[in-house]
Amino acid sequence: MPIHYGSKKLNYITVSSTVATQIPHAVGAAYSMKMEKKDACTITYFGDGGSSTGDFHAGLNFSAVMEAPVIFFCRNNGWAISTPINDQLRSDGIVVRGKGYGIPSIRVDGNDALAIYSAVYEARKMAIEKQTPVLIEALTYRAGHHSTSDDSTKYRPADEIEWWRDGQNPVKRFRTWIENNGWWSDQVESEHRSNIRKQLSQAIQAAERVEKPPVADLFSDVYDVPPTNLNEQEASLREHIKKHAQEYPSNVAV
Amino acid sequence: KVRVAKRRHSRSRKPEFAPQSNRLQTKTKPNKTTSPLLLRPLTNRYINLTTFSPFISVSPHYHFNKTKWLRSSIQSELSPLLTPINPTPDPFSRKVGFVMVRSDAAKININTRIGSSRPHHFVTNAVATKPDASSPPSTASKSGHEVLLFDALKEGLEEEMDRDARVCVMGEDVGHYGGSYKVTKGLAPKFGDLRVLDTPIAENAFTGMGIGAAMMGLRPIIEGMNMGFLLLAFNQISNNCGMLHYTSGGQFKIPVVIRGPGGVGRQLGAEHSQRLESYFQSIPGIQMVACSTPYNAKGLMKAAIRSDNPVILFEHVLLYNLKETIPDEEYVLNLEEAEMVRPGEHVTILTYSRMRYHVMQAAKTLVNKGYDPEVIDIRSLKPFDLHTIGNSIKKTHRVLIVEECMRTGGIGASLTAAINENFQDYLDAPIVCLSSQDVPTPYAGTLEEWTVVQPPQIVAAVEQLCQ
């Protein structure tokens, strides 16, 4: 699953595949900022499906009680794999749940880039200055499939997808706005696209040249220092691979 | 062999059992007395059961106060201040000792010899005291202070919180209430409500909170009011706590300590008598330790807090009131080391937490019967200290595992597999593992007692193993 990226340098915390487990993490991170009195807040993202989990409710409740500076950003795109919003919840969206927990909440048009920008800007200010959590529900639509192994035309009409993609496309809307302001044009766009394409192909080529991770990577970072049982397991695996080298790919370092 | 029939008549007497090597004892090997009166009848009765009467209606409670017995038998096992008898062992004499709690480590001898006329057919060399050569420098010989186990945990916690401002505690009722077992008492007024955080009732959420805070650099201690409640946090513990260091490529570390009381208590019911070490042992990325004495509780608490890995510290509901003298100076124990409780030659008994005390009680009986058990408190449940265990097996060639977990999938099951895998050549007999049955813990007191491994079972198992 391509969701486990994280970067300590960029303050981007690794999340887990189990949906919405990052919500209590965000509350905990906000708690640590509160303890250290940092001029910072946490923001965490989840979907309409994630708002049904236990972690969502407990996390929101905790953040309200603890007055933690965290922004809960819910992307309500109407679909949780194949579950439409009407089968997910019967409340008036997710924004009313925030109100139920005593959290200032706002609903924004998720396809309007400027609206989202303003809302998050204000939310951050509020979270830090007033030390309060904020819930933002962004209403949008999942135009693509859930994942590469999903074909959403199986459970929703293709023309619905087309309608959203053509008519409500947020990228198109934003583009219209910046074009009207004279900051963008077709020519700039084509230059930009070819630029990006070049960068991408360079990145892909560089990535393809990188060596596959060695056997040692299987055992590293489980703990800070590998304990004896893991060292033993690693040694026995290496021995096995060396003995049967022809059964395993030769381009992987042992 | 001991003539049990005699013992039955001597119920009012307080026969002496051979002393156990106690790490806390000073270099002179005093003969420890057992807790008088209250302890004897039960053991007598059970010895009768196993050796003479195949059919007996057992009512272990009928003529003594079980609660008092349980408490004092555990106390007598580890109180280093128990009156030592005359250091030269005299197996044929009987002495009466009293359990006394003193604030200093000086020996006060208030024994009276009731009489040595009653013949005891002890095997002489089995009763001889054993110098505890493998014990670390004794703690009772220098200055020390007496604490109860929950106090020792609190001391460890407080010292670490003083030492590192990033250490914080979160859990239900840990703040001004002081924790359900008073482990965090007095910490909230001292460190503030934010550092000793009372949480609403959602274990998965506050465990997740702790993990998130840890990834940002704090060092939280997450308390489960009872270990059983941490089952609700299983998702966060297994999917996140154990994994995020790995899935983030080492970028984010999760130095949390998850602790709480577990194990079978006194009629707490099935849901509050869980042995979670069985369920957690498979999770990669975590470490598990179990404390059993005030000394190792404090040491393990400090070590767990200082560790950069997530550590689960298993405490036991019935051990919080154990009293012991621990050193004044600071000490930290090794998280991965087992503790040699009693060196011996005949059989290795591996145990942890509360079962340690049942084993030591059985050891007394065994010594009188002529056996010399080696008792190891494994302490580190993940990973196992196979070095200490292996050395012991190479010496004794017989292994008995005594645990409180259920038969299926418990710590004993894993330990049996690990020992078989690594020390097969050194074993003279198959490993015997005594564990609880695969049943939820009953509420009825008598049934609950039968679900936990009792000393007579241990004695019987050793006898069988040594045949």
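With which residue does A:Asp112 form a salt bridge, and how far apart are the closest N and O atoms?

Reply: The partner is A:Arg173. The closest N and O atoms are 4.0 Å apart. Keep in mind that this is a predicted model.

Start with where the two residues sit. A:Asp112 lies in the loop between strand 5 (105-109) and helix 5 (113-130) of chain A. A:Arg173 belongs to helix 7 (residues 170-180) of chain A. A:Asp112 has a relative accessible area of 24%. For A:Arg173 the value is 33%.

This pair is one of 35 salt bridges over all chains. Now turn to chain B. There, B:Glu155 and B:Lys298 meet through their side chains, at 3.0 Å from N to O. B:Glu155 is in helix 5 (residues 149-163) of chain B. B:Lys298 is in helix 11 (residues 294-306) of chain B. The sequence separation is 143 residues, so this pair also ties together parts that are apart in sequence. B:Lys298 is buried, with a relative accessible area of 0%.

B:Glu160 pairs with B:Lys302, and their closest N and O atoms are 3.3 Å apart. B:Glu160 is in helix 5 of chain B, and B:Lys302 is in helix 11 of chain B. They are 142 residues apart, so the pair links distant parts of the chain. Both of these residues are buried. B:Glu160 has a relative accessible area of 1%. B:Lys302 has 0%.

The bridges do not stand alone. Those that share partners form one network. It joins B:Glu155, B:Glu159, B:Glu160, B:Arg163, B:Lys298, B:Lys302, B:Arg306 and B:Glu330.

Chain B has 16 helices and 18 strands. Of its 467 residues, 62% count as buried. Take the contacts in chain B with a separation of 6 or more: residues 24 or more positions apart account for 81% of them. Chain B exposes about 17100 Å², and carbon and sulfur atoms supply 54% of that area.

Next come the nonpolar parts. The largest nonpolar core has 73 residues. Those with the most contacts inside this core come from chains A and B: A:Tyr31, A:Phe72, B:Phe280, B:Phe314, B:Leu350, B:Ile378 and B:Ile419. Helix 7 (residues 203-215) of chain B gives the most to this core, with seven residues.

In chain A, A:Tyr31 is then in contact with A:Met66 and A:Ala68. Its contacts in chain B include B:Cys168, B:Met170, B:Leu194, B:Arg195 and B:Leu197. B:Met209, B:Ala213 and B:Leu218 also touch A:Tyr31.

The whole structure has zero of them over all chains. A:Cys74 is in no disulfide, and the nearest cysteine sulfur, that of A:Cys41, is 17 Å away. A:Cys74 is also buried, with a relative accessible area of 0%.

Return to chain A for another buried residue. A:Ala26 is in helix 1 of chain A. Its relative accessible area is 5%, so A:Ala26 counts as buried. Beyond its neighbours within four places in sequence, A:Ala26 is in contact with A:Thr42, A:Thr44 and A:Val70. A:Ala26 and A:Thr42 are 16 residues apart in sequence, but 6.1 Å apart in space, C-alpha to C-alpha.

A:Ile3, A:Tyr5, A:Leu10 and A:Tyr12 make a nonpolar surface patch of about 430 Å². A:Tyr12 sits in the segment before helix 1 (22-35) of chain A. A:Tyr12 is partly exposed, with a relative accessible area of 42%.

Note on methods:
Residues numbered from 1 in each chain as written. Chains lettered and ligands numbered in written order. Predicted model: local features only at pLDDT ≥ 70, side-chain atom pairs only at ≥ 80, totals over all residues. Heavy atoms only, no water. Core = buried A, V, L, I, M, F, W, Y, C linked by side-chain atoms within 4.5 Å. Buried < 20%, exposed > 50% of the residue type's maximum accessible area, 1.4 Å probe, protein only. Helix = DSSP H or I, 4+ residues; strand = E, 2+ residues; numbered from the N terminus. Contact = heavy atoms within 4.5 Å. Disulfide = S-S within 2.5 Å. Patch = residues over 30% accessible without salt bridge, like charges linked within 9 Å, V, L, I, M, F, W, Y side chains within 5 Å. Areas by Shrake-Rupley, 256 points an atom, 1.4 Å probe, with all protein chains shown as cover.
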